[in-house]
Amino acid sequence: MKKTRNRNAQADAFSETVEAKLTALGGRDLLFVMAAEAEYGPHLKQRFAPFMTGVGPVEAAVELTAALAALDQYERLPHLVVSLGSAGSRVLEQTEIYQAISVSYRDMDASPLGFEKGATPFLDLPATVPLPLRIPGIREASLSTGANIVSGSAYDAIAADMVDMESYACLRACMRFDVPLVVLRGISDGKTELRHVGDWTETLHVIDDRLASAVDRLGEALAEGRLKL
């Protein structure tokens, strides 16, 4: 009886302390991570409760690291973290869903000191870090993360297919705890110059529906052993 009470107390403490809620999918425990409520529409709400980091690489790094540390304290680290939301691109199909095959950090530039642009000094990582996991049936693209909104001619300086503001930070947090990461992005903008927040939110309802379908594909791939963690 005492052991049961201790386990119940531990479970209550876990529930009260850890804001990040795990989702069982395909026989695995997943942590879905998003940046903004505007991207979390009715279709995704039927599938999971995300951990919201806030916008940008600093918020994503701080908040996700804290969440994973809390989960680790209770030996409840997820089998997989899924970062999902919107992205910009002027070369990819608008409102289509893509999984990132690599991610880079466009804010980092120590090239005046002889380091490769995009590579963090004294960190044993390339400027572009591969993401090895693949969900069958979802298009693939490279991704650049940074703290700025990319629009118009700013794309000229971006070598990746799409841009966002959180995924590289999420990757570094996941690497700290040896948890794999999958990144899913719906293309919300990029074909024309952004002039107002409505230019970003206009198609988020379509992306919500399509991201939900991608999450279903992820669950099927995990359950059928076509995505091995």
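Reader: What percentage of the 229 residues of the protein count as buried?

Author: The model is a predicted one. Of the 229 residues, 47% count as buried. The term is applied to a residue with a relative accessible area under 20%. The protein has six helices and nine strands. It exposes about 11,600 Å², of which carbon and sulfur atoms supply 51%.

Reader: Why is Thr23 called buried?

Author: The relative accessible area of Thr23 is 11%. The cut-off for a buried residue is under 20%, so Thr23 is classed as buried. Thr23 lies in strand E1, residues 23-25.

Reader: Which residues does Thr23 touch, leaving aside those up to four places away in sequence?

Author: Thr23 touches Arg28, Asp29, Leu30, Phe32, Arg47, Phe48 and Ala49. A contact requires heavy atoms within 4.5 Å. In the protein, residues 24 or more positions apart account for 73% of the contacts with a separation of 6 or more.

Reader: What makes the phi of Thr95 worth noting?

Author: The phi of Thr95 is near 70 degrees, a positive value in a residue other than glycine. Thr95 is placed in the loop between strand E4 (80-88) and E5.

Reader: Why is Asp178 called exposed?

Author: An exposed residue has a relative accessible area over 50%. The value for Asp178 is 71%, and Asp178 is therefore exposed. Although Asp178 is not a glycine, its phi is positive, at about 60 degrees.

Reader: Why is helix H4 described as largely enclosed by the rest of the structure?

Author: Helix H4 covers residues 167-176, and seven of its 10 residues are buried, so the helix is largely enclosed by the rest of the structure. The buried residues of H4 are Ser167, Tyr168, Ala169, Cys170, Leu171, Ala173 and Cys174.

Reader: How do you know that the span of helix H3 is close to the expected one?

Author: Helix H3, residues 57-73, has 17 residues. The expected span is 1.5 Å times one less than the number of residues, which gives 24 Å for H3. From its first C-alpha to its last, H3 reaches 24 Å, and its span is thus close to expectation. Just after H3, Glu75 takes a positive phi of about 55 degrees.

Reader: Which residues of H3 are buried?

Author: In H3, the buried residues are Pro57, Ala60, Leu64, Ala67, Leu68, Ala70 and Leu71. An α-helix has 3.6 residues a turn, so residues three or four places apart point the same way.

Reader: What makes strand E7 mostly covered?

Author: Strand E7 comprises residues 139-145, and five of its seven residues are buried. On that count, E7 is described as mostly covered.

Reader: How do you know that E7 is paired with strand E5?

Author: Pairing requires at least two bridges between the strands. Seven bridges join E5, residues 97-105, to E7, and the two strands run parallel. As one of the partners in E7, Ala141 is bridged to Ala100.

Reader: How many bridges connect E7 and strand E8?

Author: E7 and E8, residues 162-164, pair in the parallel sense over three bridges. Thr145 stands opposite Asp164 in E8.

How values were computed:
Residues numbered from 1 in each chain as written. Predicted model: local features only at pLDDT ≥ 70, side-chain atom pairs only at ≥ 80, totals over all residues. Heavy atoms only, no water. Buried < 20%, exposed > 50% of the residue type's maximum accessible area, 1.4 Å probe, protein only. Helix = DSSP H or I, 4+ residues; strand = E, 2+ residues; numbered from the N terminus. Areas by Shrake-Rupley, 256 points an atom, 1.4 Å probe, with all protein chains shown as cover.
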